[in-house]
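Subject: Structure handover

Hello,

The structure is below, with the findings after it. Please load it before reading on.

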Amino acid sequence: MRAAIASALTRHELELTEPAIARVERWAQEVQKHAKRSNLIGTSENDRIAEELIADSLQLLHVLPSAPVHMIDVGSGAGVPGLILHGALADAQVRTSTLIE
């Protein structure tokens, strides 16, 4: 999964710290573990998860302000994009996320 995430980040000109990549990878592993049983996402393939869920969610990093923000993700199926963004931004100072289902 790590290689698929790194490749997707490169294609989309996104940079994450190693701890952020580890958090996003952990999310992907948990979703994959439950994907077949609960159909949380449409695929369990590493490349598709990295491209269609992770990289697409992280595109929001291009438009977020550099100052700390509070994000609200309403109706977050499998935590997309909220949990992915939170994992990516947890290294930044005082960024918070609220997920509402």
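Start at aspartate 73: its side chain reaches the backbone nitrogen of glycine 82 at 2.7 Å. That is a polar contact (a pair of N or O atoms within 3.5 Å; within protein, one must be able to donate a hydrogen and the other to accept it, and residues adjacent in sequence count only if both atoms are side-chain atoms).

Some ground rules. This is a predicted model, where local features need pLDDT of at least 70, side-chain atom pairs count only at pLDDT 80 or more, and totals for chains, interfaces and linings use all residues. Residues are numbered from 1 along each chain as its sequence is written, and side-chain values use heavy atoms, with hydrogens and water left out.

Back to the site. Aspartate 73 lies in strand 1. It is buried, with a relative accessible area of 11%. Buried means under 20% relative accessible area, exposed over 50%, partly exposed in between (1.4 Å probe, protein chains only). Leaving out residues up to four places away in sequence, aspartate 73 touches Gly79, Val80, Pro81, Gly82, Thr98, Leu99 and Ile100. Contact here means heavy atoms within 4.5 Å.

Next, valine 74. This residue is also found in strand 1 (residues 70-74). Valine 74 counts as exposed because its relative accessibility is 62%. With Ile72 and Ile100, Val74 forms a nonpolar patch on the surface, with about 290 Å² of accessible area together. Like charges are joined within 9 Å, nonpolar side chains (Val, Leu, Ile, Met, Phe, Trp, Tyr) within 5 Å. Areas come from Shrake-Rupley with a 1.4 Å probe; for residues, only the protein chains shown count as cover.

The largest nonpolar core has 25 residues. Among those with the most contacts inside it are Trp27, Ile49 and Leu58. Helices 1 (2-11), 2 (18-38), 3 (46-58) and 4 (82-89) each give two or more residues to this core. Such a core joins buried Ala, Val, Leu, Ile, Met, Phe, Trp, Tyr and Cys residues through side-chain atoms within 4.5 Å. In helix 4, six of eight residues are buried, including Gly82.

Overall, the chain has four helices and two strands, running α-α-α-β-α-β from the N terminus. These are DSSP runs, numbered from the N terminus (helices H or I, at least four residues; strands E, at least two). Of the 101 residues, 37% are buried.

Best regards

Note on methods: Patch = residues over 30% accessible without salt bridge, like charges linked within 9 Å, V, L, I, M, F, W, Y side chains within 5 Å. Salt bridge = Lys/Arg side-chain N within 4 Å of Asp/Glu carboxyl O.
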